[in-house]
Amino acid sequence: MASTPAQASTGSERSSAGSVQSVDRAFQLLEALADSGGIATLSELSTTSGLPMPTIHRLVRTLAQQGYVRQDTARRYTLGPRLIRLGETAGRLLGSWARPYLAELMEATGETANLAVLEGGEVVYVGQVQSRRSMRMFTEVGRRVQPHCTGVGKALLAQLPEAEARAVLGTQPLPAHTEFTVTDPDALFEQLAAAREAGYVVDDQEQEIGVRCIAVAVPGAPTPTALSVSGPEARIRALEEQSGSSALVPVMRQIAQRLGAVLAP
């Protein structure tokens, strides 16, 4: 039996995997816009997304009507303010999903466990389980910090291509928060290369004197994500000296891998 026009249209909008093609393409366009730093022209979006220009016009018009995309005075397109609410809600849920894993890490180490993502060139803490010890580290969930001087920040930068990581850091001098902060970009990228080889990164009193942090990437997460433990320098160093089944970095990486499997799209 021949398809009606409505049936034919519905079939043409569905991909072989059963998803709706127009929805797939809308999200593909938003991802391309995000990868461009949140601002791009239509021709740039066509190049980066691989979508034809008529499709881009249609999608952008619809996304703009809904507030997910907007046009600036230079006729470039930017991510729209309506995405902020979605991002904030997703961030809170990410912390909730991660809490059992953060609690497990805190119990295994006795130190505060943190989860962070990269957003707008800054590190955002989206989850935390505090140490039970009287002397402990505390970072408010939602707090934003610079990536170059924090363990989670460096673990996030290490997941990016170097050109993208340099763009995140910007062209301004990297500010020193303590005498130990690495402010030379080339020295920082040497640290990031070493972190990729070792599978973890260290913040040695670079954000705050007396505080040491060990961080690892969360593999498989839909956006660069990092897990860390932080505490007084002497206690963290003692954890690093442990070996066998309680060795710090293998424990962290194993928990991060299981968390990444849960977060994977």
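Which residues in H2 meet Leu45, Thr48 and Ser49 in H3? In this predicted model, the H2 side of the contact (heavy atoms within 4.5 Å) is supplied by Gln28, Leu29, Ala32 and Leu33. Helices (H or I, at least four residues) and strands (E, at least two) are DSSP runs, numbered from the N terminus. Residues are numbered from 1 along each chain as its sequence is written, and side-chain values use heavy atoms, with hydrogens and water left out. Local features need pLDDT of at least 70 and side-chain atom pairs count only at pLDDT 80 or more, while totals for chains, interfaces and linings use all residues.

A word on confidence comes next. The chain has a mean pLDDT (the predictor's confidence in each residue, from 0 to 100) of 84, and 89% of its residues reach 70 or more. Over residues 1-16, pLDDT stays under 50, and the model has twelve contacts beyond four places in sequence for this stretch. Where pLDDT is low, the predicted coordinates should not be read in detail.

Helix H3 spans residues 42-49, and its buried residues (under 20% relative accessible area, with exposed over 50% and partly exposed in between, for a 1.4 Å probe and protein chains only) are Leu42, Leu45, Ser46 and Ser49. Viewed down the axis of H3, these buried residues fall within an arc of 100° (taken from the directions from the helix axis to the C-beta atoms), so they line one face of the helix. Thr47 and Thr48, on the other side of H3, are exposed. The cover over the buried residues of H3 includes helix H2 (21-35), strand S1 (39-40), helix H4 (53-66) and strand S3 (77-79). Gly50 follows H3 and has a positive phi, near 80°.

The axes of H2 and H3 (lines fitted to C-alpha atoms, for helices over the stretch in contact, with angles from 0 to 180 degrees between N-to-C directions) come within 9 Å and cross at roughly 110°. The two helices H2 and H3 are therefore roughly perpendicular to each other, a label that covers 65 to 115 degrees, whereas angles under 35 count as roughly parallel, over 145 as roughly antiparallel and the rest as oblique.

Three strands make an open sheet in the order S1-S3-S2, with antiparallel pairing (two strands pair if DSSP finds at least two bridges between them). S1 and strand S2 (69-71) are the edge strands, each pairing on one side only. S1 and S3 are joined by two bridges and run antiparallel, with Ile39 opposite Thr78 in S3. H2 packs on this sheet, touching S1, S2 and S3, and its direction makes about 95° with that of S3.

S8 pairs with strand S7 (residues 201-204) in the antiparallel sense over four bridges, and Val201 has Ala215 in S8 as its bridge partner. S7 and S8 form a hairpin with six residues between them, and Gln205 in the turn has a positive phi of about 60°. S8 is also joined by seven bridges to strand S9 (residues 225-232), again antiparallel; Cys213 has Ser230 in S9 as its bridge partner.

Finally, Pro265 is found in the segment after helix H10 (248-263). Its relative accessibility is 92%, so Pro265 counts as exposed.
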